[in-house]
Amino acid sequence: MGGGPSGGWSLMRSFRRDESVRSQRLSEGILRRIARFAMPYRRMLAVFLGLIVFDALLSAANPLIYRAIIDDGILKHESGFVVELAFVLVGLALADAVLSLWQRWISARVGEGLIFDMRTQVFAHFQRMPIAFFSRTQTGALVSRLNNDVLDAQQAFTDTFSSVIGNIVSVVITLAAMFLLSWQITLVALALLPVILLPARWVGHRMQTITRESYNLNAKMVSMMTERFNVAGALLVKLFGEPIREIRSFEEKAGRVRDIGITQAMYTRVFMVAILLTASLATALVYGWGGVLAADGALQVGTVVALTAYLNRLYGPLTALSNVQVDIMTALVSFDRVFEVLDLQPMVAEKADAAEIPAGPATIEFDHVDFSYPRAEEVSLASLESVAVLDQAPSQEVLYDVSFVARPGELIALVGPSGAGKTTISNLIPRLYDVRAGAIRIDGIDVRDATLDSIHRAIGVVTQDAHLFHDTIRANLLYAKPDATSEELIEALRAAQIMPLVESLPAGLDTMVGDRGYRLSGGEKQRIAIARLLLKAPDIVVLDEATAHLDSESEVAVQVALKTALAGRTSVVIAHRLSTVREADLILTISGGRIVERGTHAELLAAGGLYAELYRTQFQRQAQPTPDSDPREAAAAG
C-alpha cells in the first residue's frame, strides 16, 4: 500500500487538513514570491526532483523482476538465472537505500535552510515593528507565525512537493506497467478505488471538524497552563484562587482533550481499515481472477505476482492525489501567512538618508507636538489579534500643541493626573511612536530624520516596572553594553546602590533573576535597571515614575542611585511623588494632553494652580495620621 502503514498515517494527515483552504484568496504573485524564496536552493531542488523520479523508476522495476524470476527462472528450472536476478534485487535495494538517504539529506538541507531564512526574516521584521504593534497583537500569534506557519511553509517543499511529484510518477509508471501486463485486471482494480475514496472523504470531513476543535481545546488548555505557571499568575492563584476550583477547571479542559483524542483515534482507525480492506479485496481479486487465467494458460504466474505487487503501490498514491489540491493550498496559505507579516510595514521607519545624532550633551525640543495613537489597520493584522475584523474605532487625540525645551544637564519634570499624557510624551522622545503634527528634535535633528541606532544610543529609559530577562544579573546588565568588563559592571552596581545585595548572593553576578526579575523586590529590580542605565551611559535619561510603587527604604536607595544617573545628563522625569521633583529646573503640569502650567516648584506653588492643588492633596495624604500611626511619622512625612 504505497509505503505500508506509515504511508496510511501520512494519508490520514492529508485528509485531516481543512478543506476550507480551497476558498481562501491568496495574495497576488505568491507563486513568484515562493520561487524567489526557493531560488538559492534551485539546484538542490532540481537534484531532489531527479532523485524522486529515478527512485520511482527503480521501485517500479521490482515487480517485473519478480515476474522474470517466476516465469523465466523457477518455472523453467533456471537456477542460475534466479540467482542472478536475486543479486539484481539486492543491487536495486541498495540503490534505493542510497537514493533514500540522498533524498533525505537534500530534503533536510533545503527544509532547514528555508526555515532558517524565513524565521530570521520574520524575527528581524518583528524587531523593526513599533511598540504599538506589540501592544495590540497576541504574543502567542506572533510565536505561531515564527514557528507553526514557517514550519508549514517549509513542508511545502520537503513534504508536499516531494509527495505530489513522487505520487504522480509512481501512479503513471504503475498504471502503465499494469495495463501492459493485463488491462482487464487493471480496470477492475481501478473500479475498487471508490471503496477507499468514499470512506476517506467522509472520515476526512469529520476529522477536519474534530481537528479544529482539538486545536482550540489544546490552545485553551495551554493558555491556562501558561497563565498559571508564570510568577504573576501563580501568585494570583495563591492569593485569590481556590486550588480545588483550579484543578477542576483544568480537569474539565484536559478531559475534553482526552475525549476528542479517543474520537480522533477511532476515525483514524476507520480510515486505515478502509484502505487495508480495499487492498485485501483487490489482492484477492487479482489472485482469484489472475489465478484462474494462469491455470487456463491465458496469463503467466509471474504476471499475476507482478500485478499484485503493483497493486500494493497504486491505491496509496492515488488516494493521496485525490486530496492534492487541499495539500497544495494548505502549503500556499502557510506561505501567504508568512508573507502577510513581512508585508506589514513598520510605521516607525528609518529614512534612507537618516542622520546620526552626535554623542555629547543633548538638547530635547518639543515643537508644537500633536499626537494620537495609531489606528489598528496602521500597525496590526486581524489574524495577529485573533479577531475577524480589526478595530475600526477612530483614533483619539492624546497630545495638543506640546512645546518645551530641555537643555543639556537640565531636569524637566512632568506631573499631572493619571491619563494626562505624561507617559505618551516620554514615549515620543525615543521615537517609540511618530508625532501627528509638529516635531521632536534632539540637538536640532528631527528624530524622524535620525538613525534609530543613534536615537537609542543617546537615550536611556527606566520605566515604572523595570523588565529583566529570565537570565543572570550579569546578562541583564550586559544587554546595555555587551563588551563591558566585570569592573564596569561592579562600578555601575555600586553607583546604583545595589552592590551590597549582589555581593550577598551565593552566585553574585551570575545569580538568575527569574521570570521578569520576580526573584528580586521592586526596589532591587529598579536599582538593577538603573545600573543598566549607568552602564549604557546615555546623554538623555527618561524616567517614567521609577519610584512610584516603592516602599520608603527602597525609594531612598533608588533616589540616591538616580542622582548619580541624572548627574550632567539631560533628563525628563515623570513624577508620581511630587516631593521627588522639587529641585527640577522646569516642572510641566500636564492635563488633558496639554501643558497647563510650567515653572519651578516654588513658582507653581505660588501660582496656586493645578500643581499646587496636586501637591497639597498629596501632602495632606502623606501627613494625615492613621489610627495606628505614630504622629511623629506623620510630621516627618510633611
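**Exercise 1.** Is Asp72 buried, partly exposed or exposed?

*Solution.* The structure is a predicted model. The relative accessibility of Asp72 is 31%. Buried would require a value under 20%, and exposed a value over 50%. Asp72 therefore counts as partly exposed.

**Exercise 2.** Determine the partner of Asp72 in a salt bridge, and classify that partner by its accessibility.

*Solution.* Asp72 is paired with Lys76, and 3.7 Å separates their closest N and O atoms. The relative accessibility of Lys76 is 53%. Because the cut-off for exposed is over 50%, Lys76 counts as exposed.

**Exercise 3.** Locate the two residues of the salt bridge between Lys351 and Asp449.

*Solution.* The N to O distance in this salt bridge is 2.5 Å. Lys351 belongs to the loop between α13 (324–342) and β1 (364–372), whereas Asp449 belongs to the loop between β5 (445–446) and α16 (452–458). The two residues are 98 residues apart, and the pair links distant parts of the chain. Lys351, at 41% relative accessibility, counts as partly exposed. Asp449 is also partly exposed, at 29%.

**Exercise 4.** State which strands the salt bridge between Arg441 and Glu365 ties together, and which network includes this pair.

*Solution.* The closest N and O atoms of Arg441 and Glu365 are 3.4 Å apart. Through shared partners, salt bridges join Glu365, Asp367 and Arg441 into one network. Arg441 is partly exposed, with a relative accessible area of 22%; Glu365 is partly exposed, with 28%.

**Exercise 5.** How many salt bridges are found in the whole structure?

*Solution.* The search finds 11 salt bridges.

Definitions and conventions:
Residues are numbered from 1 along each chain as its sequence is written. This is a predicted model: local features need pLDDT of at least 70, side-chain atom pairs count only at pLDDT 80 or more; totals for chains, interfaces and linings use all residues. Side-chain values use heavy atoms; hydrogens and water are left out. A salt bridge is a side-chain nitrogen of Lys or Arg within 4 Å of a carboxyl oxygen of Asp or Glu. Buried means under 20% relative accessible area, exposed over 50%, partly exposed in between (1.4 Å probe, protein chains only). Helices (H or I, at least four residues) and strands (E, at least two) are DSSP runs, numbered from the N terminus.
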